Amino acid sequence: MLYIPGNNPAMLQQGGVYGADSLLLDLEDAVAINQKDAARILVKHLITNINYYDSEVCVRINHLSTPFGKADLEAIVPLQPHAIRYPKTETAKELLELIDMIEEIENRHNLAHNKMEIHAMIETAMGVQNVFEIAGCHIRVGAITIGGQDLTADMNIIYTPDGAGIDFARKRIVMAAKAHHIDVIDTVFVDINDEEGLRRETEYSKKIGFTGKAVINPRQIDIIHEVYNPTEDEIRRAYRIVKEFYKNKEAGIGVFAIDGKMIDAPIVTRAQYVLELAGVSVGE
Amino acid sequence: MKNSLGKEIPEYIEGIGKLEPFQGAWTKLSKGWMDEATIPAPNKAKMAHQSKICESLRVAIEKSNPKDGMTITFHHHLRNGDIILAQSMMILHEMGIKDITLAASSLNDCHDSILPLLKDKTITGIWASGIRGELGKAISRGVLEKPVIIHSHGGRVRAIHTGRIRPDLTIIAASAADIEGNATGSHGKSAFGSIGYAVIDARYSKQVIVVTDNLVPYPCIPLSITQNFVDYVVVVDSIGDASKIATGTTRITNSPIDLKIAKIAADVIEHSGLFKNGFSFQVGAGGASLAVAKFVREKMKKHEIKGSFMLGGITSYCVDMLNEGLFETLFDVQSFDAAVSNSLLNDRRHIEIPAALYANPYNCGCMTNKLDIVVLGALEIDTDFNVNVITGSDGNIRGASGGHSDTASGAELTVVVCPSFRSRIPIIKDKVHTIVTPGETVHVLVTERGVCVNPKFKHLEENLKNCGFKVMDILDLKKELDGITGVAKEIEFEDKIVGLVEYRDGTIIDVIKQLKV
């Protein structure tokens, strides 16, 4: 997920060319206070006029406690991007209030309530504590994300490259997302010149269960794809597992072995997920 | 008269002579010979043990007996670090010489200081492969009565052979030289690498001055320029600043757009059918071009491919690839950073070549003819794939033909890389302002928004499509870009021609008209 400041026309119009899975057009922290209106107007026009190719478009609005949040909603909701991301979510209650406001705007524009997702950003200690309720509070919550910089600020600690200070939060947020079967996106890696550091952190994110990672520079996209996309060997193995699964299923066998290793339902599910990521289908 | 690209070309221009319209990239070459006669090199003699050393550049220039109407030539190997051209021209100015034709292999921003000499008619004619900075702007606004002539690197050699450029005086800056004028750019405090563009000048100029800030004991090795062509030798404190050769052009870009373009271009190369053991390769310096080398390098390692040679402007990046065993040889006509000099001096696989061997179309085969793949930049490209690398979107002369048309003509695969927009101006036009390289020699355009294949090369389009590339029609891409920015207002020009763009075979491919201001 590529962050793009909402007041940067050049970056906004080029956003779709980098192959990011999703774009986050940011009206919040990346935009200075005196640029909020300009960013909102710019994003509104670009969403409707620019081809973002295969990238999903999300818009991060300002929090409703600011003077800008409501105006952001009024401008963006009628455009129905893929998702609206809500910053600094601390309770399920405030997210439900947001969704009420969104659906009221949708009603006024005769829009269905099932198209645009809501993504909640967890970037405070209170948000981390309440993340299970937040993730499961409404069917429209399609993803939760962790905002590392704001969270460390809220915790009054310094963000370190090893991520020690937010490790608990990361794992808690992942677990909440998994419990509700929604996506969970890791925070940005801020040193854009440290490719190895980015790779290490992304590998860790993947290992603990994140389904994606936010980026602040398009140069970071390829590394994240390299880490998250299954390797050729993983795809081959997954293909073999699923193929064998179908063969055994016909024979009424639920558990079988490949190269001496037991294959049961969870492993098949995992293999099916790998093939889905790779865009490979296996005929039954 | 119209040339084959539909451009109106005058038949004759006073002070330049009869012009021949461009008739196709290979129409003249396919005859197998050049119609124009070559001129003899000047006959000279020197007494044994006669000293060539002059106490100053001024003394050497005075000894060369400069006259009104003369032609003077320089190389541009020091690029933006050169100070000798400006110093020499100021000396001629102070001597009251007028009506000079300046035939530098290229003019850069560092030559802005000679602009007053164009205004006071010290300089009345210019031949160059590129013109930038204030000179370009002033010429675009009609500062000279006669049009400048833009040639390619190979075309310049042809122009000197045929006497279109007749150098009366050549001043060669060298980072090392001996008392007889044997000279090189490959060592010394101002080392700039290859001196390949100056070789033809030394051979044909009536008077040759070598200027160095590093006089070495006889003989100066390697003999890049040889003493038998040199009349005078001058030792100065400095020939320029070699650190300004590169000015950022040899660093791999951080620009996400350039990197994206480069990655796609490298993928195109990988699936072109030419990416195999023994392939030859040329990339430009800077921007997306050099970044293509980065991705090609990774692919060569991954697929264990070993190339034959890299050609042309050589960067330290090329040297790294040579040292990693990815290529057998570097043929270096121009070094794009001073760091290359050490390799040129010490590695026998890194070979200095003259411009004639590099790209002159009229000989038994220049090296650009052996190129498999070249990656080139563009200021603009049109829907017929004609490329402009000389005039900017504001109509000012601000670029260089360089080896663009030479390499495009020779390569099996010419890949043009450029961003879809520069500032807010789309780079794809219905018609480019100025054609330097004809579309018939360009195979693929790669931008960050997609790959467009010249419809003349159907097989390539099929190859790429079969490999999963989303190939776009250039008309569709143009429509998409125009849809984002709107169509730019046409630049307005006067009728006066301020520049002629010569194709490598000597025909005129386009004219540049004076900007209306």
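Trainee: How many salt bridges does the rule count over all chains?
Mentor: This is a predicted model, in which local features need pLDDT of at least 70 and side-chain atom pairs count only at pLDDT 80 or more, whereas totals for chains, interfaces and linings use all residues; side-chain values use heavy atoms, with hydrogens and water left out. Residues are numbered from 1 along each chain as its sequence is written, and chains are lettered from A and ligands numbered from 1 in the order in which they are written. With a salt bridge defined as a side-chain nitrogen of Lys or Arg within 4 Å of a carboxyl oxygen of Asp or Glu, the count over all chains comes to 53.

Trainee: Which helix holds both A:Lys93 and A:Glu97?
Mentor: Side chains of opposite charge can pair when their charged atoms come close. The side chains of A:Lys93 and A:Glu97 form such a salt bridge, at 3.1 Å from N to O. Helices (DSSP runs of H or I, at least four residues) and strands (runs of E, at least two) are numbered from the N terminus; the two residues are four apart, about one turn, and both lie in helix H4 (residues 92-108) of chain A.

Trainee: Which residue of chain B forms a salt bridge with A:Asp222?
Mentor: Across the interface of chain A and chain B the rule finds one salt bridge, alongside seven residue pairs in polar contact, both residues being at pLDDT 80 or more. A polar contact is a pair of N or O atoms within 3.5 Å, where within protein one must be able to donate a hydrogen and the other to accept it, and residues adjacent in sequence count only if both atoms are side-chain atoms. In the salt bridge the closest N and O atoms are 3.6 Å apart, and the partner of A:Asp222 is B:Lys263.

Trainee: Which three residues supply 42% of the area that chain A buries against chain B?
Mentor: The contact (heavy atoms within 4.5 Å) takes 11 residues from chain A and 11 residues from chain B. Buried area, meaning the accessible area (1.4 Å probe) that two parts lose on being put together, summed over both, is about 1,100 Å² between these chains, with carbon and sulfur atoms giving 51%. On the side of chain A, the 42% share, more than any other three residues supply, comes from A:Val17, A:Tyr53 and A:Arg219.

Trainee: Which are the edge strands of the eight-stranded sheet in chain A?
Mentor: Strands pair if DSSP finds at least two bridges between them, and here the open sheet has parallel pairing in the order E1-E2-E3-E4-E5-E6-E7-E8. Strand E7 (residues 183-186) of chain A is joined to E8(A) by two bridges, with A:Ile185 opposite A:Gly212. The edge strands, each pairing on one side only, are strand E1 (2-5) and strand E8 (212-213) of chain A.

Trainee: Why is one side of strand E3 and of strand E28 of chain B left without a neighbour in the sheet?
Mentor: The open sheet of 10 strands in chain B has mixed pairing and the order E3-E12-E11-E8-E4-E5-E6-E7-E27-E28. Strand E3 (53-54) and strand E28 (508-515) stand at its edges, so one side of each lacks a neighbour because each has a single partner strand.

Trainee: Which loop of chain B contains B:Pro219?
Mentor: A cis peptide bond joins B:Tyr218 and B:Pro219, with omega about -5°, and another joins B:Ile221 and B:Pro222, with omega about 0°. B:Pro222 is found in the loop between E11 and E12 of chain B. For B:Pro219, the location is the loop between strand E11 (207-212) and strand E12 (232-235) of chain B.
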